[in-house]
Amino acid sequence: MSTTTTDTPQALRPDRKKTRVGLNILGLGIALVMVFPVYWLVISALRPSREIRSYDQTLWPSSITFDNFVKAVDQPNFGTAVQSSLIVSITAVVGGMIIATLAALAIGRFRFFGRKALVLILILVQMLPPTAMLIPIYAQLNAMGGIDEYWSLIVVYLVSTLPFATIMIRGFVVNIPVELEESAMVDGCTRFGAFRRVILPLLAPGLAAASIFALVNAWNEYLFAYILINDNSKYTLNVWLMTFTSERGTDYGALMAASTMIALPVVIFFMFVQKKMAAGLTSGAVKG
């Protein structure tokens, strides 16, 4: 007489608890690897200069000092570098969002000849690395008198972020029911009024995501700023960081402090818009 055993689903099911613990450990390890460079940047900015140059490095400084931040602020052209970065970045982001929103609305709402070809061109342009077009861009801007001018950087940053921002915002436009816009127009709104009162608030998450991408691209870009701006008084912050390296060496403490301060505006901007990105994802839902 033979006996057969049937495995229960619980016996066949893997141990979910162990799997979850393993995935949590893996995620924690990846997070530590990603966060460690930022941690080391901030800690190096707070270390005394003698400790930074020491071969015996520790995860925590023996003493904390803000002298590196003072030296960074006292570095020549710090104020003009902040001014240049703000002018270029804010203008490029605002201008890019306006043009990208209008372009996304046209592509997503209207039917015209070449619409699909235009979307394809935007995707292809986005795939091209900007550095591949450095020489023709420099030659064209030089012929137009754009060297050492803010507007040349603004145009480069605006154009480089425009394809991605247009495609991203278009995805939000096509997911907004056209009936909402038509209802507003029936109630007396013009097309622009319907866009401003109905469509634009629902585009908030898309605009927030696209503006973060545009700000990071404009605020952190170095190569075009280095090539197109030769005037020390018009250096952006990333080019201004070169002043910490001289014939006598590099002041790593002040350099790390300046890099920390440069990273703060993007972090603060993200903190302001991240709620809009999360809460606005369902703002276009329609009941009934």
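1. A volume is the space filled by probe spheres set on the points. Please also keep in mind that this is a predicted model.

2. Now the cavity itself. The structure holds one cavity of 30 Å³ or more, and the largest cavity comes to about 50 Å³. Its lining is made up of Ser-85, Val-88, Ser-89, Tyr-157, Ala-218, Trp-219, Glu-221, Ala-225, Thr-236 and Asn-238. Helix H5 (78–109) and H11 are the elements that give two or more residues to this lining, and the largest share, three residues, comes from H5. Sorted by class, the lining of the largest cavity has five nonpolar, four polar and one charged residues.

3. What volume does the largest pocket have? The figure is about 560 Å³. The largest pocket is lined by 22 residues, and those nearest its centre are Met-133, Ile-137, Val-156, Val-159 and Ser-160. Two or more lining residues come from each of helix H6 (115–127), helix H7 (134–143), H8 and H11. H8 gives the largest share, with eight residues. By class, you get 17 nonpolar, four polar and one charged residues in the lining of the largest pocket.

4. On to the second largest pocket, with a volume of about 220 Å³. Its lining consists of Ile-90, Val-93, Val-94, Met-97, Ile-98, Ser-211, Leu-215, Trp-219, Pro-265, Val-266 and Phe-269. At least two lining residues come from each of H5, H11 and H14, and the largest share, five residues, is from H5. What classes do these lining residues divide into? Ten are nonpolar, one is polar and none is charged.

5. Next, the salt bridges: the structure holds four. One of them pairs Glu-51 with Arg-47, at 2.8 Å from N to O. Are the two partners buried or exposed? Glu-51 counts as buried at 8% relative accessibility, and Arg-47 is buried too, at 1%. Trp-40 in turn belongs to one aromatic cluster with Phe-36 and Tyr-39.

6. Another salt bridge joins Lys-71 to Asp-251, with the closest N and O atoms 3.4 Å apart. This pair links distant parts of the chain, 180 residues apart: Lys-71 is in helix H4 (residues 67–74), while Asp-251 is in the loop between strand S2 (249–250) and helix H14 (252–279). Both ends are partly exposed, Lys-71 with a relative accessible area of 34% and Asp-251 with 25%.

7. Arg-191 and Glu-181 also meet in a salt bridge (3.5 Å, N to O). Arg-191 lies in helix H10 (residues 191–202) and Glu-181 in helix H9 (residues 178–186), so the pair ties together parts that are ten residues apart in sequence. Glu-181 is buried, with a relative accessible area of 4%, whereas Arg-191 is partly exposed at 45%. Through shared partners, salt bridges join Arg-109, Glu-181 and Arg-191 into one network.

8. Finally, the rings. The count comes to eight aromatic pairs. One of them is Phe-66 with Phe-69, a tilted pair at 6.2 Å centre to centre with 45° between the planes. Phe-66 is exposed, with a relative accessible area of 56%, whereas Phe-69 counts as buried at 18%. In another pair, the rings of Phe-164 and Phe-213 have their centres 4.3 Å apart and their planes at 40°, so this pair is tilted. Phe-164 in helix H8 (residues 150–174) and Phe-213 in helix H11 (residues 204–220) are 49 residues apart, and the pair links distant parts of the chain. Phe-164 is partly exposed at 27%, and Phe-213 is partly exposed at 29%.

9. One more charge over a ring: the charged end of Lys-234 sits over the ring of Tyr-150, 5.6 Å from its centre.

Terms used:
Residues numbered from 1 in each chain as written. Predicted model: local features only at pLDDT ≥ 70, side-chain atom pairs only at ≥ 80, totals over all residues. Heavy atoms only, no water. Phe/Tyr/Trp six-rings, centres within 6.5 Å; stacked < 30°, edge-to-face > 60°. Buried < 20%, exposed > 50% of the residue type's maximum accessible area, 1.4 Å probe, protein only. Helix = DSSP H or I, 4+ residues; strand = E, 2+ residues; numbered from the N terminus. Lys NZ or Arg CZ within 6 Å of the ring centre and 35° of its normal. Salt bridge = Lys/Arg side-chain N within 4 Å of Asp/Glu carboxyl O. 1 Å grid on protein atoms, 1.4 Å probe; cavity = no way out; pocket = protein on both sides within 12 Å on 5 of 7 lines; lining within 4 Å. Nonpolar A, V, L, I, M, F, W, Y, C, P; charged D, E, K, R; others polar.
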